[in-house]
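Subject: Structure handover

Hi,

Here is the structure I promised you. Please look through it alongside my notes below.

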Amino acid sequence: MRWYPCALPALALAGALLAEPGDGAWLRKVPEKDRARSNPFAADPEAPAAGANIFTEHCAQCHGEEAEGKQDGKHFRPNLHSDRVQQATPGELFWLLTNGSQKNGMPSWSRLPEAQRWQVITFLKSLH
C-alpha cells in the first residue's frame, strides 16, 4: 500500500472529527436529579446577554467567539450550536459546567457563581 503525504493531514482531520472527545459520553454520568433541573433564568430577558458576556470571558477561548467550536491542540472543542448541546436539558448542561469533563478537556466551572452558570446556559440555549 502506498501512502501519499497529503493523505496524512486528511487522516488526522478525520480522526479529530470522529474521535472520542465531544462524544457525549458525559451525558451518561449526569444523575437523574441533576438532569431534571430547570433553569431559573430561562424566562429572564436579560440572561442571554449576561450569559454571552460570561461566555466571552470564560468560554470563547476554547469554543470560539461565535461558539462554533475549534481544534485546540489535541482537543476538539465542540460547536455549541450543535444538536447535542441544543437538545441537552438545562440540568445536563449545568452539571457539565459544574463538574467538567477532564477526559474531554472541559474544566469545571464550579467556581463561577451558580447564577452565572445558569446565565451561560440561557445564552447557549439562545443559539440557533
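The structure holds four salt bridges. The criterion is a side-chain nitrogen of Lys or Arg within 4 Å of a carboxyl oxygen of Asp or Glu. This is a predicted model, so local features need pLDDT of at least 70 and side-chain atom pairs count only at pLDDT 80 or more, while totals for chains, interfaces and linings use all residues. Residues are numbered from 1 along each chain as its sequence is written, and side-chain values use heavy atoms, with hydrogens and water left out.

Start with Arg 35. Glu 92 bridges to Arg 35, with the closest N and O atoms 2.4 Å apart. That pair links distant parts of the chain: Glu 92 sits in helix 6 and Arg 35 in helix 2, 57 residues apart. Helices (H or I, at least four residues) and strands (E, at least two) are DSSP runs, numbered from the N terminus. Glu 32 also bridges to Arg 35, at 3.4 Å between the closest N and O atoms. Those two are three residues apart in helix 2 (residues 32–35), so about one helical turn separates them. Shared partners join Glu 32, Arg 35 and Glu 92 into one network.

Buried means under 20% relative accessible area, exposed over 50%, and partly exposed in between (1.4 Å probe, protein chains only). Glu 92 is buried at 8%. Glu 32 is exposed at 55%.

Lys 33 and Asp 34 form another bridge, with the closest N and O atoms 3.7 Å apart. Lys 33 is exposed at 65%, whereas Asp 34 is buried at 15%. Asp 34 also lies 9.5 Å from Thr 89, C-alpha to C-alpha, though 55 residues separate them in sequence. Thr 89 is in the loop between helix 5 and helix 6 and is partly exposed at 27%.

Next, the aromatics. A search of the whole structure finds two aromatic pairs. Rings of Phe, Tyr and Trp (its six-membered ring) pair if their centres lie within 6.5 Å; planes under 30 degrees apart count as stacked, over 60 as edge-to-face and the rest as tilted. Phe 55 and Phe 123 have ring centres 5.3 Å apart and planes at 45°, so this pair is tilted. It links helix 3 to helix 7, across 68 residues. Phe 55 is buried at 1%, and Phe 123 is buried at 13%. Phe 94 and Trp 118 have centres 4.3 Å apart and planes at 10°, so this pair is stacked. Here Phe 94 is in helix 6 and Trp 118 in helix 7, 24 residues apart. Both residues are buried.

Helix 7 (residues 114–126) packs its buried residues against helix 3 (47–58), helix 5 (83–87) and helix 6 (90–99); contact means heavy atoms within 4.5 Å.

What about the core? A nonpolar core is a set of buried Ala, Val, Leu, Ile, Met, Phe, Trp, Tyr and Cys residues joined through side-chain atoms within 4.5 Å. The largest has 24 residues, of which Phe 55, Leu 80 and Leu 124 touch the most other members. Helix 3, helix 6 and helix 7 each supply at least two of its residues.

Ala 67 has a positive phi, near 65°. Most residues other than glycine have a negative phi. Ala 67 lies in the loop between helix 4 (60–63) and strand 1 (70–72), and is buried at 0%. Leu 80 is among the residues in contact with Ala 67.

Best wishes

Key:
Lists of a residue's contacts leave out its neighbours within four places in sequence.
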